[in-house]
Amino acid sequence: MKIYIAVDMEGISGIYSSEYLLRDGAKYAVGQRLATEDTNAAVRGAFDGGADEVIVADMHGMSGNLLVESLDPRALLFAGTPRVPRFAFLDETVDGVFLIGYHAMAGTPYANLEHTMSSKSWHKFTVNGKAYGELGIDAEIAAESGVPVILASGDDKLCAEAEHWLPGIETACVKHGLARQAALGLSPERGHEVIYAAAKRAVEALKAGKHYTLPEVVSPATVDITYKMMEDADAAEGFNAVRVDGYTIESRFPRLSDKYGGLWSDRGIEQKIH
Ligand SMILES: [Zn+2]
């Protein structure tokens, strides 16, 4: 059984403000360690639940956040840029996806470190008129390969979003969001316990034949991005994009994954390392 673990940073145990997330942030080095520890808890849970192969994808910012030397040696690490497609090595040979350290979609009230893709410039992201956060986008891309997201970890708002989008998903709630830059959190040590237990349960249930929710694949996908500042909309307007209003740009794709470089399986490249 093969598990693919996508790791973001905003929803990591112990992190509550942007200082932990930015490369030049005062607490970025601590953020890297905390993100690596949550990842290791998820890897341990996956293997103890019955996985025999785990790929970790370092997703936050420009990637390169996780401490390679401290990663559970049983996992393979996919890191670096460019990340095209968004989920390289995620194809139909994967049985389930974990989204670790994720955050609620842009505009979710009281959600810790909420945003969709760009905290700086994106106000709203919709697909065929429906607002999506990163959890919805990533669950959709995985679903195009027939792979369910079986676990999500982050704050209570992210967990509520996950349960709403993917009923039956396992969640590991490691903090209670209070404001964009404030949360009531578990200690990282307890966060790891919660993530480990949820990861183990998720894989055990998958092994026992549980059918996790696969979102309906949207095709074609009409994507609207509403920017916070009009100059970002000015810059984004161009080939394959239509100006809807001052702040909003619309593009059409055969599938949502095509906005992010398509699916790994489109490339026909076999994974040569296990
Ligand atoms: Zn992030």
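In this predicted model, five strands form an open sheet in the order β6-β5-β10-β12-β11, and their pairing is antiparallel. The edges of this sheet are β6 (130-131) and β11 (242-245), each of which pairs on one side only. In general, strands of a sheet are joined through backbone hydrogen bonds, in either a parallel or an antiparallel sense.

Within the sheet, strand β5 (residues 122-127) runs antiparallel to strand β10 (residues 221-227), with five bridges between them. Two residue positions place these strands against each other: tryptophan 122 stands opposite tyrosine 227 in β10, and threonine 126 stands opposite aspartate 224 in β10. β10 also pairs in the antiparallel sense with strand β12 (residues 248-253), here over six bridges, and in this pairing threonine 222 faces arginine 252 in β12.

| Residue | Residue opposite | Strand of the residue opposite |
|---|---|---|
| Tryptophan 122 | Tyrosine 227 | β10 |
| Threonine 126 | Aspartate 224 | β10 |
| Threonine 222 | Arginine 252 | β12 |

The chain as a whole contains five helices and twelve strands. Its radius of gyration is 18 Å, close to the 19 Å that the globule rule gives for 274 residues, so the chain is as compact as a globular protein of that length. Taken along the principal axes, the box filled by its C-alpha atoms is roughly 50 × 40 × 35 Å. Buried residues account for 47% of the 274 residues, and of the contacts between residues at least 6 apart in sequence, 66% join residues that are at least 24 apart.

Among the helices is α1 (residues 28-49), which has 22 residues and reaches 31 Å from its first C-alpha to its last, close to the 32 Å expected at 1.5 Å a residue. This helix is mostly covered, since 16 of its 22 residues are buried. After α1 comes glycine 50, whose phi is positive, near 125°.

The largest nonpolar core has 76 residues, and those with the most contacts inside it are Ile5, Val54, Val97, Phe98, Ala152 and Ala199. When residues up to four places away in sequence are not counted, isoleucine 5 touches Thr39, Ala42, Val43, Val54, Ile55, Val56, Ala57, Phe98 and Ile100.

Lysine 2 belongs to strand β1 (residues 2-7). Not counting residues up to four places away in sequence, lysine 2 touches Ala51, Glu53, Thr93, Val94 and Asp95. The C-alpha atoms of lysine 2 and glutamate 92 are separated by 10.0 Å, although these residues are 90 residues apart along the chain.

Histidine 60, by contrast in setting, lies in the loop between β2 (53-58) and β3 (76-78). Leaving aside neighbours within four places in sequence, histidine 60 is in contact with Asp8, Met9, Leu21 and Asn65. One of these, leucine 21, is 39 residues away in sequence and 8.3 Å away in space, C-alpha to C-alpha.

Definitions and conventions. Residues numbered from 1 in each chain as written. Predicted model: local features only at pLDDT ≥ 70, side-chain atom pairs only at ≥ 80, totals over all residues. Core = buried A, V, L, I, M, F, W, Y, C linked by C-beta atoms within 7 Å. Buried ≥ 20, exposed ≤ 12 C-beta atoms within 10 Å, placed from the backbone. Contact = placed C-beta atoms within 7 Å. Helix = DSSP H or I, 4+ residues; strand = E, 2+ residues; numbered from the N terminus. Pairing = 2+ DSSP bridges. Expected span 1.5 Å × (residues − 1). Rg over C-alpha atoms; globule rule 2.2 N^0.38 Å.
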